[in-house]
Amino acid sequence: MLRLALSNLRANWTRFLATAAAVVVGVAFLAAGLMLTDAVRVSLLGSVEQQYAGVDLAVTTAGEFANLGDAGESVSPLGADSLALVRAVPGVVAAAPVTTAEVRVLKPDGEAVSLRTQGRPWIVDDELNPLTLDSGRAPTAGGEVVVDRATADRAGLRTGSTVVLETPLGERTAKVVGISSFGRSAAVDPGGTVSFFENEAALVLGGGRVSWSQILVRTAGGGAPVTQSLQQVLPPLAQVVTAEDVVEREQRVLNTFVDVLRPVLTGFAFLSLFVCAFVIFNTFSVVVTQRFRELALVRAVGGTPAQVRRSLMVEGVLVGLVASAVGLVAGAALSVGLQALLSRFDVPLPGAGVKVTTGTVVMGLVVGTLVTVASVAVPAFRAGRTKPVEAMRSSAFDRSGTSKVRLVLGGAALAAAVGVLLGAKAGALPKALLGGGTLFMFTALVVGGPLLARVFSKLLSFPMRAFGLTGRLAADNCARNPKRTATTANALVIGLFLVTLVTVSGTAVKSWAVSRLNTLSGSDYIVSSRSGIPDDVVAKIGTTKGVEGSAGVRSVVLRPDGGSPFIVSTTDFEQLARTSGVKVATGSLDTVANGDGVAIIDQQELLKNLLGDATGQDLAGTGDPSADPGATIDLGGTTTKVGDQVEVPALDGSPVVLTVAATLKAKLDALTLGNLVGPSTFARVAGEQPVRFVFVRTDPSQTEQVGLRLEQLTRSYTTIDVQPGNFVGQFVGQALDFLINAVNALLAMSLLVALIGIVNTMTLSIIERRQELGMVRALGMTRGQVGTMVALESVLLGTLGTLVGVGTGLFLGWVLVGSLGQGISLNVDWGRIGLIALAGVAVGALASLLPTRRATRVRVLEAMQPT
Amino acid sequence: MTTTEAAQVEWAAQVHDATKRYGKGDSTVMALNGVTVGFQKGRFTAIMGPSGSGKSTLMQCAAGLDQLTSGRAFIGSAELGRLSEKQLTLLRREKVGFVFQQFNLLPTLTAGENIAFPLRLAKRRPDKAWMDQVVQTVGLADRLDHKPSELSGGQQQRVAVARALVERPEIIFADEPTGNLDTHSSGEILSFMQTAVRDLGQTVVMVTHDPGAASYADRVLFLTDGRLTGEVMAPTVDSVLAAMRQTVA
């Protein structure tokens, strides 16, 4: 039987090409996802090891490693004095400070090479420094920099060139004194690295204040005693760890990133493989039908049903294996292409090239083959039942229609699913049934598909009559084999259903969230910077034309060891009242401004504002939008009242106890402030800190112009952002838009598979109908008419899939959004839905090109030659 | 042996010095080797010959379904070799009727729609009286709304004959029209074609290897190895069998 299977594959390879194409695409997506994440992981992990190769110990901030070497929102206690202390400890051979901040390298035309270039201090000690010099020398004074070789190439820089940089301190001109490499790649940072002289880096990258995120240490040997003496001289919030610890902890964080990326990518790959299964099943069914006589012949000469079945299964395994192997290669190419594409859009992924692991190869082969074999099983089983006498019959058409059983079952399942969903939406049934109902609905669509296909083909045959006889025949052909039509259309249905659902419900949630958030905003503009806004810039904001008031807020996010982030801030209280939406709910700000009082936000009121009464209770304590995801702000408990005492951890680690003097109304501005204290208290808790954001109130008649002026003022400061007061709403809106688009882009993969599916089914049914096509040609149908007929059939298939897919998506979107309650309205963007529908129909039209070509080439004489 | 001497005769179709070669080099097959023949209007002609004699090729070339290697073919006054693919298609649609051995009907259309199919392709309205007469002749009046799958093999071929008749073509080509039918149905179909020629003035050319079927024709031509090798006028089963023995010998 293996020999029979092999010779069948050889003889019919063009037909299997169609099946194989679907497997190849599915496996390619899967493999590309795996290879890409593997490449990123290996390169990230490898570069971390390389980065710390010569390091013995590292001084870092205690608690979370969230800042990961970038001047994040957490304020590091490591300043200039810390570095001096470390260097003075006996046993320390070399100590190098680390911090990073965005720096933009401007090309001669004024455009930035990349928006992701990082500035770092140049590490003098060769063993601590992961970078090597390709040419030139290290920076030895302010105004000298080393750039990585890729950035140098892109900006046309050489040793001795003068370069214009945008930094957290604004625009600066520097002289390139050297070109660097990082191992075999150009730079540590995917967007490039600019290395500054240490003293200059401290000021420029910290926005005017020295704040190191890490100090790397090389010892003379024997880490333990040095660790102890370091710990003794440093502030309590500083922590001394071994290089292994740092590597391990940084790698763990990076792994988390990959661990999030990977299931998302593979999840979509599996979805497209699921769609592939429909296509493979369909293609194989048609192939088996076409070979009915041949199979009957095998039976007639003594092949048992089991042998026929086995032979087809072996064919399936072979096609699956070969196609999966091709898919793996295609996946590798895809992942390279994807990387190239991403880096063109300035989103370079760390680690170029392809990382092929045994796991990926095995997974691709196994999954691809399994999907193929599973999809082949049903047609193979059916083929086993072929009667020997079929060999004598002249023709075999797959005339399987819609059986009564299927009709009743499909109709009932569909009705039940719709009933359950409507019930759950109206609240008559528990909401938990929504998930089950959705699944149920989907099953019903698959079971009842042929029924829908027949009904829709009949309905669509009326508008098709506008195309005359050819339109009529196209509609008839669609209805001819409802089962096959349905399976083909289902591939399209799945994709379009999900795209529509995500778009409809995503848009509804977005507009609801944005409108909610916008009611909470107060000031006209917020100017902010993670690394701090230089004081002269703060002053200039205040004197910008059209600005009626500005309040610069100094704030720190403290991360007490093992605890949640804790925001403490201070500002000019008079300006604050004028510029922001911060309002006192209870108590008074007087003792806050002049004494040791603290003003906090009533968290319950905030949640009530954000989420409405019902869900506010459920979600209490799960976080707020401005904090890190997953983190909660400890505001001293939701029950805190005026007069209560709260403990605040100071930057040096000692606890400071404050009395609650006021609670603030839950506006976003208040949320940004966190715990508001007076200047003297702030100095006690956080020492000297830069202004991190400025609330701006404008002359109402020139709000827009002020925005442009502020943009202009801060343009060359890389870390400063100017955002309208409702920026949270805008940000959330943009984030959700991005999410919707990203998900839809990934879902587009399944549309591609559906396209292949329609091409397959159409092409095979053209082969099947070639005598009929020859006959109509003999009777006087022109090539053009035949072409139109086939194209219309394909478009009809696309339309069928589109109607069912988009329709189901809209319905489920309506049900899901409706069941959320809270007055979320379903604002369907019909233009967008129209575009989605157009895409579906276009898939049908596009798919018709190949079959049409094939159909118009059918020779007239074929009608007269009995097969 | 040729039939061109009668000047006043009207030809529905003719081929002159027709050759048709398949393949190249050693494997060359001469399916037609210098055949000249005309099919007179209003006559029922049968073409006979053993397998591989070229009888189907002759019909296909005369009907414009295939092209001659050399020689000329005419339908009415139109020379087929000078027509484009599109013109040939339109010629077939308007001037030629076909009845095949199988795959004659579109399975999704009813019998009535199948009959009107060539007319609808040409966007012409069927002539109601003529349509009725044709349907009456083939005895399908009560079956027009049935799909082909609901008709017997004989009924399906009757539909095919009706379709060929309804467009009132210059000539009808039938390729083994009774090849798949039982004796009774065969007899019916052949009688209809005979009636179409004698009473309705149509012209029919039929390829067959069945002497019984050939005996319904007015004239039988014999083909052997791509050449015309015999002719019987007003044939009977016996005279056809006799001629067959002669040509094979």
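1. In this predicted model, the side chains of A:E171 and A:R715 come together in a salt bridge, with an N to O distance of 3.9 Å. Over all chains, the count of salt bridges comes to 28.

2. The interface of the two chains deserves a careful look, and its extent can be stated in two ways. In terms of residues, 27 of chain B are in contact with 25 of chain A. In terms of area, chain B and chain A bury about 2600 Å² between them, and 64% of this lies on carbon and sulfur atoms. The size of an interface is often expressed as the accessible area that is lost when the parts come together.

3. Two salt bridges are counted between chain B and chain A. B:E85 forms a salt bridge with A:R777, and the closest N and O atoms of this pair are 2.4 Å apart. Across the interface of chain B and chain A there are also seven residue pairs in polar contact, both residues of each pair being at pLDDT 80 or more.

4. On the side of chain B that touches chain A, helix 1 (55–62), helix 2 (85–95) and helix 3 of chain B each supply at least two residues. Helix 2 of chain B gives the most to this side, with six residues. Sorted by class, the side of chain B that touches chain A holds 13 nonpolar, five polar and nine charged residues.

5. One helix pair spans the two chains: helix 14 (residues 468–480) of chain A packs with helix 3 (residues 111–121) of chain B at an angle of about 135 degrees, their axes being 10 Å apart. Helix 14 of chain A is therefore oblique to helix 3 of chain B. The contact is made by A:L469, A:R472 and A:L473 from helix 14 of chain A, and by B:E113, B:F117, B:R120 and B:L121 from helix 3 of chain B. By class, this contact of helix 14 of chain A with helix 3 of chain B has four nonpolar, no polar and three charged residues.

6. Two backbone values in chain B may be worth checking by eye. Most residues other than glycine have a negative phi. B:D17, which is not a glycine, has a positive phi of about 50 degrees, and B:D17 is found in strand 1 (residues 11–22) of chain B. B:A234, also not a glycine, has a positive phi of about 45 degrees, and B:A234 lies in the loop between strand 10 (227–233) and helix 8 (237–248) of chain B.

Notes
Residues are numbered from 1 along each chain as its sequence is written. Chains are lettered from A and ligands numbered from 1 in the order in which they are written. This is a predicted model: local features need pLDDT of at least 70, side-chain atom pairs count only at pLDDT 80 or more; totals for chains, interfaces and linings use all residues. Side-chain values use heavy atoms; hydrogens and water are left out. Axes are lines fitted to C-alpha atoms, for helices over the stretch in contact, and angles run from 0 to 180 degrees between N-to-C directions. Helices (H or I, at least four residues) and strands (E, at least two) are DSSP runs, numbered from the N terminus. Angles under 35 degrees count as roughly parallel, over 145 as roughly antiparallel, 65 to 115 as roughly perpendicular and the rest as oblique. Contact means heavy atoms within 4.5 Å. Ala, Val, Leu, Ile, Met, Phe, Trp, Tyr, Cys and Pro count as nonpolar, Asp, Glu, Lys and Arg as charged, and the others, Gly among them, as polar. Buried area is the accessible area (1.4 Å probe) that two parts lose on being put together, summed over both. A salt bridge is a side-chain nitrogen of Lys or Arg within 4 Å of a carboxyl oxygen of Asp or Glu. A polar contact is a pair of N or O atoms within 3.5 Å; within protein, one must be able to donate a hydrogen and the other to accept it, and residues adjacent in sequence count only if both atoms are side-chain atoms.
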